[in-house]
Amino acid sequence: MNNQDRRTFLKAGTTLGASILATSAFGVSPTIGKTAPGNEVEKSPPLVKRRTLGTGKHSLEVSAIGLGCMSMTSNSYNPPRDKGEMGKVIRAAFEKGITFFDTAEFYGPFTSEEYVGAALKPLRNQVVIASKFGFKYENGKSIGRDSRPENIRKAVEGMLGRLQTDRIDLLYLHRVDPQVPIEDVAGTVKDLIKEGKALHFGLSEASATNIRKAHAVQPLTALQNEYSLVERVHEHGTLDLCEELGIGFVPWCPVVRGFLADRFNEYTRFSEESRFTAVPYMAPEALKNNMALLNLVYEWAVRKKATPVQISLAWLLAQKPWIVPIPGTTRIHHLEENIGGTDVNFTAAELREFRTAFEKIKLIGVRASESAQKDV
Ligand SMILES: NC(=O)c1ccc[n+]([C@@H]2O[C@H](COP(=O)([O-])OP(=O)(O)OC[C@H]3O[C@@H](n4cnc5c(N)ncnc54)[C@H](OP(=O)(O)O)[C@@H]3O)[C@@H](O)[C@H]2O)c1
């Protein structure tokens, strides 16, 4: 499929996505807060299916996809977005059935948490808020990793204030600090959980060794790593490890920063300051080469009457029942399209056929399989 064909398809696909949403994607009418005949407040069924991260007393029920709130703030893909406008996106997500919101101290820094806290304050008991610590800051800028217990405690106090809450439902270490044993990090989070300031523990992009060590001190509910149709490095051991230990998996970058929505091509160039510049699969030759994968996703989108983004999210959801992608968006119509992905199903035969086809495409700019076992 050439660029023009893809764009024509995308237009049609988005309309299609919207019509799916209006009917079968939700399967139920949105009734939150509405008064039923007889004046009792109707208890509404969930609008988006639910999934469980982690096991036993460390498990956490969340919507099958969450909302990534990183790109709402200034250090990521967009110019800074207005807090009130992003509040509307966050609240719309909740109204459409999303209960899982992902942020971090690092995003902004600090502003993403402020946006999330303000938007979700009235809904606090109905949502799951995940945030991440692991850096130190000077003059409003990150100056490197810092997971010393005193810095974790300081970070969590700041988070609680910005998120306008008394607890963080899922507290992740954002990146492993090589100067601090992971057991000390897990021990500090364990204490925070005892104190009620955090409810569940997660890691992001940690090595298999560190996952095991941390889990032995404080069982992990989720691992948040990059995973998508483009970046599949964690199929080399990490997903198996999560299955073995009963840890949920939260893919970040599930729509490849918009690549799987046809937002880039070989002529796309990024400014020096752009976060995209450092991403190997966003380099011009990689984008040109990797279009073959996007074309394949388009074929499946036509076949399954969905949009490419919906196929991409549905494929992730089909890999394991304990996978919960967190696509990031600043636009309500993209949010609606993404939610529609939860209603696209693959048969086992389709999954095999799709995999056989995409594994034939040699992607440029993706990680080497051995790197899956290492801290990033
Ligand atoms: N743990 C970590 O180290 C880590 C790292 C990065 C991110 N994260 C988390 O993961 C979340 C998601 O990752 P990500 O934001 O890097 O990547 P992503 O979700 O793959 O892509 C987000 C980008 O895709 C666009 N997009 C989303 N849905 C779309 C749609 N339906 N149609 C067209 N464009 C669409 C968004 O633009 P629009 O705003 O225009 O929709 C945004 O620029 C983040 O928000 C953050 O919470 C974690």
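The model is predicted, and local features are described where pLDDT is at least 70, side-chain atom pairs count only at pLDDT 80 or more, and totals for chains, interfaces and linings use all residues. Residues are numbered from 1 along each chain as its sequence is written.

The protein has 376 residues, of which 47% count as buried, and its secondary structure comes to eleven helices and eleven strands. Among contacts between residues at least 6 apart in sequence, 75% join residues at least 24 apart, where two residues are in contact if their C-beta atoms, placed from the backbone, lie within 7 Å.

Back to F110, which sits in the loop between β4 and α3. Most residues other than glycine have a negative phi, and most peptide bonds are trans. F110 is not a glycine, and yet its phi is positive, at about 80°. P109 lies in the loop between β4 (100-102) and α3 (111-120), and the peptide bond that leads from G108 to P109 is cis, with omega near -5°.

Now to another loop, the one between β11 (248-252) and α8 (284-303), where R257 lies. R257 also has a positive phi, of about 55°, although it is not a glycine, and R257 is buried, with 21 other C-beta atoms within 10 Å.

V255 lies in the loop between β11 and α8 as well, and V255 is buried, with 28 other C-beta atoms within 10 Å. Which residues is V255 in contact with, leaving aside its neighbours within four places in sequence? They are S228, L260, A261, V309, S312, L313 and P327. To take S312 from that list, V255 and S312 are 57 residues apart in sequence, while their C-alpha atoms are 6.6 Å apart in space.

Further along, E266 is also placed in the loop between β11 and α8, and E266 counts as partly exposed, with 15 C-beta neighbours inside 10 Å. If we do not count residues up to four places away in sequence, E266 touches P284, L287 and K288, and its C-alpha atom is separated by 6.5 Å from that of E285, 19 residues away along the chain. R269, again in the loop between β11 and α8, is partly exposed, with 13 other C-beta atoms within 10 Å.

Next, the ligand. There are 28 residues around the ligand, and G68, M70, W252, A261 and G328 come nearest; a residue counts as near a molecule or strand if its C-beta atom, placed from the backbone, lies within 6 Å of it. Helix α10 (residues 332-340) gives the most to this shell, with three residues. By class, the shell has twelve nonpolar, ten polar and six charged residues, where Ala, Val, Leu, Ile, Met, Phe, Trp, Tyr, Cys and Pro count as nonpolar, Asp, Glu, Lys and Arg as charged, and the others, Gly among them, as polar.

Finally, helix packing. Two packed helices are described by the angle between their axes and the distance between the axes. The axes here are lines fitted to C-alpha atoms, for helices over the stretch in contact, and angles run from 0 to 180 degrees between N-to-C directions. Helix α4 (residues 149-162) packs with helix α5 (residues 182-194) at an angle of about 40°, with their axes 9 Å apart. That makes α4 oblique to α5, given that angles under 35 degrees count as roughly parallel, over 145 as roughly antiparallel, 65 to 115 as roughly perpendicular and the rest as oblique. On the α4 side, P149, I152, R153 and V156 meet D184, V185, T188 and L192 in α5, and this contact has five nonpolar, one polar and two charged residues.

On to α5 and helix α6 (residues 208-217), which pack at an angle of about 35°, with their axes 8 Å apart. Here I182, E183, V185, A186, G187 and K190 in α5 meet N210, K213, A214 and V217 in α6, and the residues of this contact divide into five nonpolar, two polar and three charged.

Technical notes
Helix = DSSP H or I, 4+ residues; strand = E, 2+ residues; numbered from the N terminus. Buried ≥ 20, exposed ≤ 12 C-beta atoms within 10 Å, placed from the backbone.
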